[in-house]
Amino acid sequence: MWERIGAMVYKEVRQMLRDPGTIAMMFMFPIIQLLIFGVAINNDPRHLPMAVEVNDNSPVSRAIVAALGTTSYFDVTEVAGIYGAGERLLAEGKVQFVLTIPADFSRALVRGQRPQLLLSADATDPASTGPAVAAVNQAVNSALAQQLVGPLAQRQTGAAPVDLVLHRAYNPEGITSHNTVPGLLAIILSMTMVALTAQSVTREHELGTMENLLATPLRPIEVMVGKIVPYFGIGVVQVLVILAAAAFIFRVPFEGSLALLLGVTLLFTLVCLALGFTMSTLVSSQVQAMQASMFYLMPSILLSGFAFPFRGMPVPIQWLAETLPPTHYIRLVRGIMLKGWDWRLALPESFVLLAMLLLFTAIAIRRYRDTVA
């Protein structure tokens, strides 16, 4: 019996070693997980882009701006002197935080009136606001320690001379579902559209029906469209279910245009379908198609900004994440639903998705022609 079992084990090992997908799963999957969880994911992000709206041109305000630039939590990318400029930068997604220094801030400080500083955080992208608030307080206190000297030194005794007010923009109550439910559109569509479509061509080979398909006068683009239309219908149903749940169950606010959201969702769905069809032309079995889907889905979930702060990742990882379609779609859906983006703000991310659609479609058609040949 043991000899027969040993022969069977030997046979399975030989067969496994001849399968490139299994070898990739054995070595690459744990390596990718180690890189993502050990290097990319960071729950204490640093060097977050910040804008400072200075409505009080005084030495104290300039000292606060300089002190913020020395912290490791923020990179002060914009210093604006126009009222409302910081809020616009926050809405466009160019910065993660905005510190507003009100008019007559230094005068109120000298008079001992304990003026307020407003720190606005973009709560549509999960970020660690607690350490950020502590870092702002530390920077402000450091700046005031240099400015409140001589007769003004007594302002540093007792209660803090400045009151820092935190405002979580677009999600003031910090409700988790307001961030995760819109992002689930990208994750669920990616999981179903890519994984199901990736098996379309390989299923024909395994069932022995590819020869019948090649005997038809269908051109590659016609075969591709015919295969993805049924899965597109599945995606439409999923989108409607998620949007209905977001509106009636989770009460996610909707500030933008429904037509614009449906338009970019249609574009993203087509990108996922084209990517899945491309994968199906690159592998030879349904098992390999599923393995390829897993290699795509795990980074899409963890690196796209859905679960962890996008700006908290190292810059090279951010460049890698920019090549993933969910990264751009999550920005679009959160921007439209929570920030009220119009078509002008949605254009840059939409153009990236359109370019991905054209690229994946061209590769899929070319690969299918090679398969036919």
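Predicted model: local features only at pLDDT ≥ 70, side-chain atom pairs only at ≥ 80, totals over all residues.
Which residues does Thr327 touch, not counting residues up to four places away in sequence? They are Leu303, Ser304, Phe310 and Ala321. The protein chain has 15 helices and five strands, and its radius of gyration is well over what the globule rule gives for 373 residues, so it is more spread out than a compact globule.

**Overall shape**

- The radius of gyration comes out at 27 Å, against the 21 Å of the globule rule.
- Along the principal axes, the C-alpha atoms of the protein chain fill a box of roughly 90 × 55 × 35 Å.

- Out of 373 residues in the protein chain, 47% count as buried.
- The protein chain exposes about 18500 Å², and 65% of that area is supplied by carbon and sulfur atoms.
- Take the contacts in the protein chain with a separation of 6 or more: 81% of them are between residues 24 or more positions apart.

**Charges**

- The protein chain carries 25 positive and 24 negative charges.
- The mean positions of the positive and the negative charges are 1 Å apart.

**Two loop residues with a positive phi**

- His47 isn't a glycine, yet its phi is positive, at about 55°.
- You'll find His47 in the loop between helix 2 (20-40) and strand 1 (48-54).
- With 47% relative accessibility, His47 counts as partly exposed, because that value falls between the 20% cut-off for buried and the 50% cut-off for exposed.
- Asp104 is another residue other than glycine with a positive phi, this time near 60°.
- Asp104 sits in the loop between strand 3 (97-101) and helix 5 (105-110).
- The relative accessible area of Asp104 is 45%, so Asp104 is partly exposed too.

**Back to Thr327**

- Thr327 belongs to helix 14, which covers residues 325-339.
- Is Thr327 buried or exposed? Thr327 is buried: its relative accessible area is 0%, and buried means under 20%.
- Leaving aside residues up to four places away in sequence, the contacts of Thr327 include Phe310 and Leu303.

Key:
Residues numbered from 1 in each chain as written. Heavy atoms only, no water. Helix = DSSP H or I, 4+ residues; strand = E, 2+ residues; numbered from the N terminus. Rg over C-alpha atoms; globule rule 2.2 N^0.38 Å. Buried < 20%, exposed > 50% of the residue type's maximum accessible area, 1.4 Å probe, protein only. Contact = heavy atoms within 4.5 Å. Areas by Shrake-Rupley, 256 points an atom, 1.4 Å probe, with all protein chains shown as cover. Lys, Arg positive; Asp, Glu negative; His and termini not counted. Charge placed at Lys NZ, Arg CZ, Asp CG, Glu CD.
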